[in-house]
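Visitor: I have a chain open on my screen and would like to go through it with you. Can we begin?

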Amino acid sequence: MVKALLVSTLLLLCCYSNAQDTSSDTVWLDVRSHEEFASGHLPGAVNIPHTEIAAGIAELKLDKNTPIAIYCKSGRRAGLALEVLQQQGYTNLTNKGGYEQLKQQLVSDNERK
């Protein structure tokens with residue numbers, strides 16, 4: 001199930017961009033639980049709970065320099081995931097903080113367009 005979800009959401013990544021991260025190759029990771037992700041998430045985000053980040057990121061087979069934006073509910077779990085990814089050699093990581101704040105920012109950005 002996780003592999004199917006990862007593959008399907010990875011395909012959507014090319015369609016998602018954020019005003020702060022206009023690079024189309026940025027991978028957005030939602031490190032909340034599967035239940036939290038199912039209740040709402042950013043378009044194109046890949047769900048890998050922070051407790052599964054080491055194994056989950058390996059399944060994506062990303063280059064270590066791929067831009068990765070990480071978020072959760074408040075930013076705490078994103079920070080924990082970021083540390084694990086740094087230990088694995090990933091170099092282009094950003095903790096984007098909490099989902100609700102990002103969602104509101106996306107709505108505001110879309111309203112300005």
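Guide: We will go from the overall fold to the aromatic residues and then to the cores.

Guide: This is a predicted model, in which local features need pLDDT of at least 70, side-chain atom pairs count only at pLDDT 80 or more, and totals for chains, interfaces and linings use all residues. Residues are numbered from 1 along each chain as its sequence is written, and side-chain values use heavy atoms, with hydrogens and water left out.

Visitor: What secondary structure does the protein chain have?
Guide: Five helices and four strands, in the order α-β-α-β-α-β-α-β-α from the N terminus. Helices (H or I, at least four residues) and strands (E, at least two) are DSSP runs, numbered from the N terminus.

Visitor: How many of the residues count as buried?
Guide: 44% of the 113 residues of the protein chain. Buried means under 20% relative accessible area, exposed over 50%, and partly exposed in between, with a 1.4 Å probe and protein chains only.

Visitor: OK, aromatics. How many pairs are there?
Guide: Two aromatic pairs turn up in a search of the whole structure. Rings of Phe, Tyr and Trp (its six-membered ring) pair if their centres lie within 6.5 Å; planes under 30 degrees apart count as stacked, over 60 as edge-to-face and the rest as tilted.

Visitor: Why is the pair of Trp28 and Tyr71 classed as it is?
Guide: The planes are at 55 degrees, so the pair is tilted, and the ring centres are 6.4 Å apart. Trp28 sits in strand β1 (residues 27-30) and Tyr71 in strand β3 (residues 68-72), 43 residues apart.

Visitor: Is Tyr71 buried or exposed?
Guide: Buried, with a relative accessible area of 0%; Trp28 is buried too, at 1%.

Visitor: And what about Tyr71 and Tyr99?
Guide: Tyr71 and Tyr99 form a stacked pair, 6.1 Å centre to centre with 25 degrees between the planes. Tyr71 is in strand β3 and Tyr99 in helix α5 (residues 99-112), so the pair ties together parts that are 28 residues apart in sequence.

Visitor: What lies over the face of Tyr99?
Guide: Arg32, at 4.4 Å from the ring centre. A charge sits over a ring if NZ of Lys or CZ of Arg is within 6 Å of the ring centre and within 35 degrees of the ring normal.

Visitor: Where is Arg32 found?
Guide: In the loop between β1 and α2 (34-38). Arg32 is buried, with a relative accessible area of 5%. The Arg32 side chain also reaches the backbone oxygen of Gly40 at 2.5 Å.

Visitor: Switching topic: which residues touch the most other members of the largest nonpolar core?
Guide: Leu29, Val31, Ile57, Ile68, Ile70 and Leu85, out of 18 residues in that core. A nonpolar core is a set of buried Ala, Val, Leu, Ile, Met, Phe, Trp, Tyr and Cys residues joined through side-chain atoms within 4.5 Å. At least two core residues come from each of β1, α3 (53-60), β3 and α4 (76-87); α4 has the largest share, four residues.

Visitor: What does Ile57 touch?
Guide: Leaving out residues up to four places away in sequence, Ile57 touches Leu29, Ile48, Leu62, Ile68, Leu85, Gln88 and Tyr90. Contact means heavy atoms within 4.5 Å.

Visitor: Which core includes Trp28?
Guide: A second, separate core of nine residues, which also includes Phe37, Tyr71 and Tyr99.

Technical notes:
A polar contact is a pair of N or O atoms within 3.5 Å; within protein, one must be able to donate a hydrogen and the other to accept it, and residues adjacent in sequence count only if both atoms are side-chain atoms.
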